[in-house]
Amino acid sequence: MASSRPSKDTASNDAEAPDSTRPQGHFDAPETIVQPKLDFVGYLRFFWRQLTSMRTALLLLLLLALAAIPGSLVPQVSSDPNGVVQYKANNPTLAPVLESLGVFSTYSSVWFSAIYLLLFVSLIGCVIPRTKHHWDALRARPPKTPARLSRLEGFTTRETTMDAATAIASARTLLRRLGYRTEVYASASSAPDSVSAERGYLRETGNLVFHTALIGVLITVGVGGGFGYTGQRVVVEGYAFNNSLASYDSFNPGRFFSDGALEPYSIALDSFTPVYEQKNLNALGQPIDYTAAVTTTLRGQKPHKDVIKVNSPLEIGGTQVYLLGNGYAPVVTVKDPNGTVVFSQPTACLPQNANLTSICVIKLPDGLDKQLGMLGFFYPTSVAQTDGTLASNYPDLLNPILSLNMYTGDLGLDNGVGTNAYSLNTDSLTEVAGLKADTPAIRLGVGDSAQLPGGLGTIELTAIPRFVSLDVHHDPAQVWVLVFAILVVAGLVTSLFIPRRRVWVKVVTGKAGVLTLEYAGLARGDDPALAAAVEEIAERHSQQPLA
Amino acid sequence: MTDTLASYSLLAIYSAMAIYAIAFIMFTLDLARRSAPAPVRLEVAVGAATAKRGSTALLERLSTDAPAAAQPKGPRYLRAAFALTIVAWVLHVVGAVLRGVAAGRVPWANMFEFTLTATAIIIGVFIAVQVWQDLRFLGAFVSGFVLLALGIASTNFYVDVVPLPPALQSAWLVIHVFVASLGTGFFALGAALSVVQLLQGRRAVGKATRLGFLDTLPTADKLENLAYRVIVVGFVFWTFTLIAGAIWAEHAWGRYWGWDTKEVWTFIIWTIFAGYIHARATRGWRGSRSATLAIIGFGAVVFNFTIVNLFFKGLHAYSGL
Ligand code: HEM
């Protein structure tokens with residue numbers, strides 16, 4: 001076994017660890033740690049040595065793996081804020097403890113950051129001296145041929161009729177063709193009698209590229225997060241949105257974000273077309289395609305037709321626009337008793353299940369005699385249940401019904417405090433239509449109209465367009481993250497699968513002047529194919545002498 | 001049509017499981033035989049004439065008859081078990097392919113299908129690796145593991161063929177998941193080798209005395225090197241999976257990394273195996289410590305697929321259950 005046999009590295013100019021199974025140029029903490037002088041600099045140096053040792057890197061890696069676990073067990077603020085609220089409600093004793101430890105934001109917590117930052121400091125401290133060491137190795141000559149090749153890997157001999165000079169020259173040519181760097185040496189005699197060859201410097205290069213690219217990934221991820229932004233916006237068919245701060249429903253800027261990063265453009269949703277499974281009875285109504293047809297306009301340019309699909313975001317103005325959600329936005333028209341339209345606009349309803357039963361909240365603070373709030377359920381394909389309630393049993397618009405409970409009272413929109421458009425607090429309101437009121441909930445199909453309770457006016461369900469929710473992302477460093485990620489893989493493959501090996505060919509003059517060629521190799525790192533490689537070189541060299 | 005094909009697929013899988021079960025027993029018998037080495041040789045010679053059937057018999061008889069190849073290619077049970085494994089694997093692959101044809105897409109879009117395909121790849125890797133190294137002694141571990149996985153999948157994870165939701169309609173489904181399964185296959189072999197390595201290490205210090213078969217297996221040192229080579233291949237695939245997953249997440253979910261539970265666990269696994277690779281290069285961590293890391297790493301792979309899929313909340317809710 002090449003890598004488990006302690007081999008003799010005779011290259012005295014090489015300051016690496018004696019055990020050839022150890023990676024090239026790899027720095028370990030010394031076996032016996034010399035007690036440092038207790039002055040400040042000595043202490044720092046000792047600490048730095050420890051931090052950049054392989055053992056520390058290993059421990060930090062394992063620690064990082066451990067530290068990542070809690071964040072997968074407990075909902076995270078960044079990915080599941082509602083889950084966090086719920087978790088806190090369900091675990092009143094444990095939650096405050098977790099909260100104070102930052103477990104709900106594990107991946108931006110102090111302790112998690114500390115581990116990976118230490119790891120990367122260690123990594124930098126490791127990569128720099130190795131790069132220097134490798135740089136020197138790249139320019140050094142292949143080492144002197146060892147005195148006794150027979151103790152090395154794959155040792156084999158061939159008799160030859162070539163003279164020594166030809167044999168050496170042809171061995172050198174062959175090895176060069178095989179990608180080795182070569183050097184001719186002479187032992188006792190003055191004439192050159194051996195070739196020393198080394199190949200696979202790319203292995204260490206790959207290792208360094210790999211580790212450096214990891215640092216690159218970390219930096220570019222940080223830069224992208226700092227200067228980028230993400231925003232969400234609901235857009236109804238027939239409407240448009242502009243890429244400006246004011247028009248987002250929610251917006252998360254990076255730490256170094258400035259308004260200038262918002263490239264002005266607009267996206268109008270012309271139509272949204274879902275396709276639902278109709279044949280396969282096991283999956284009736286399952287969505288199989290979503291297509292949003294849009295018209296985009298960059299400032300100063302002509303409008304442009306485009307399409308956004310799941311898995312195929314729209315690229316525009318340095319941002320990606322994703323199609324992440326959809327639903328119905330029924331248009332309700334409300335008239336006062338005189339027949340004047342006081343409200344007519346779509347309301348995006350939040351889908352509650354796969355058949356798109358949705359909750360709609362409509363607020364009319366002005367225009368009627370009283371403030372009117374409506375809390376409704378929308379059923380795209382409504383079916384009556386045995387108990388008289390409605391349900392939806394298919395997500396498409398086959399038999400749509402909007403069922404509205406109505407409330408009067410102060411909707412709380414005038415006090416200037418922002419309220420959630422998707423919820424209606426009915427605690428201090430009076431129910432005027434619904435289970436608890438004299439008038440039952442108002443049910444409307446498309447084109448239906450009804451009287452509002454208390455003679456407030458009339459209401460009509462005018463149309464049922466769809467809406468999509470779009471996510472807009474801007475990450476200036478995203479491409480660089482990808483570049484470094486590719487370098488990570490390339491470096492990894494290079495460093496793991498390119499063998500680094502030394503091979504020697506030596507001419508020995510035997511009794512009666514017969515020339516014998518000796519061949520042997522030395523593995524550096526894990527190299528199971530070395531013996532076979534030496535054998536092949538011997539075979540090719542002795543059979544077809546090259547000029 | 002779809003349902004018919006899906007039921008043929010299931011039939012093939014059940015048949016494969018039956019044959020894997022026999023292979024598993026044979027592999028185990030082989031290990032038991034090795035614990036009592038003396039009489040084995042005789043039985044091999046006698047048994048060879050009676051126990052062989054089918055097309056492989058010809059090949060094997062040829063090799064035993066030839067004077068130069070007086071050494072049989074391994075004990076009788078082992079050869080039979082390995083041959084059965086190949087037969088079962090062919091059925092297994094047929095089952096997976098039929099499932100894919102039934103669904104009109106790659107057969108790895110929900111937990112049942114993924115288990116089907118990933119286990120086929122594990123066995124595929126196990127068979128293919130024999131060209132490079134005779135690792136048939138891992139057969140009991142590998143066939144046992146796959147049998148268990150298939151059993152759980154077909155009873156607990158089975159779902160009817162349904163179309164792909166829009167988020168899964170992507171070339172990345174093909175690449176990302178397939179490479180993840182490949183990685184899993186190599187990690188599984190690495191873990192198996194590491195288990196044997198740990199046992200071998202214990203035996204070397206006078207423990208595990210009842211496991212006589214260990215004497216016929218490679219030394220702990222050699223096993224460690226084999227495990228390392230298998231695992232680094234797995235690690236490359238896993239690294240690729242991680243990156244491909246991030247690219248896909250960027251397309252489908254609008255961000256390349258969001259610490260979703262599945263992402264977290266994929267990252268944890270990657271970090272454990274990075275640790276494994278460093279452990280091998282660190283004084284005092286070679287040997288049983290690095291073997292333990294390899295086993296923990298594969299444990300995390302299995303955990304990521306079962307527990308995380310079934311009990312954790314996240315965007316990767318594609319188990320179909
Ligand atoms: C973010 C932290 C790190 C990660 C993810 C990481 C990952 C890896 C991986 C995957 C390999 C195997 C591939 C290769 O040889 O290129 C490796 C090898 C290596 N790493 Fe790291 N590493 C990290 C930090 C460090 C640090 C801090 C050091 C130095 C103290 C270090 C030193 C080495 C050495 C010497 C090798 C070669 C080992 C061998 O060939 O067996 N690494 N690293």
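A: On the protein side, the iron atom of the ligand has two donors, His211(A) through NE2 and His278(B) through NE2, lying 1.9 to 2.0 Å from it. That pair crosses between chains: His211(A) sits in helix H8 (residues 201-227) of chain A, while His278(B) sits in helix H9 (residues 261-280) of chain B. Helices here are DSSP runs of H or I with at least four residues, numbered from the N terminus.

Bear in mind that this is a predicted model, where local features need pLDDT of at least 70, side-chain atom pairs count only at pLDDT 80 or more, and totals for chains, interfaces and linings use all residues. Residues are numbered from 1 along each chain as its sequence is written, chains are lettered from A and ligands numbered from 1 in the order in which they are written, and side-chain values use heavy atoms, with hydrogens and water left out.

Donors means N, O and S atoms within 2.8 Å of the metal (3.2 Å for Na, K and Ca); water is not among the atoms, so sites may look incomplete. The iron atom of the ligand has 6 donor atoms, with angles of 82 to 179° among them, and its site is octahedral. For six donors, that label asks for opposite donors over 155 degrees apart and all others between 65 and 115.

As for cover, His211(A) is buried, at 11% relative accessible area, and His278(B) is buried too, at 17%. Buried means under 20% relative accessible area (1.4 Å probe, protein chains only).

Methods: Tetrahedral: all angles 85-135°; square planar, octahedral: opposite > 155°, others 65-115°. Helix = DSSP H or I, 4+ residues; strand = E, 2+ residues; numbered from the N terminus. Buried < 20%, exposed > 50% of the residue type's maximum accessible area, 1.4 Å probe, protein only.
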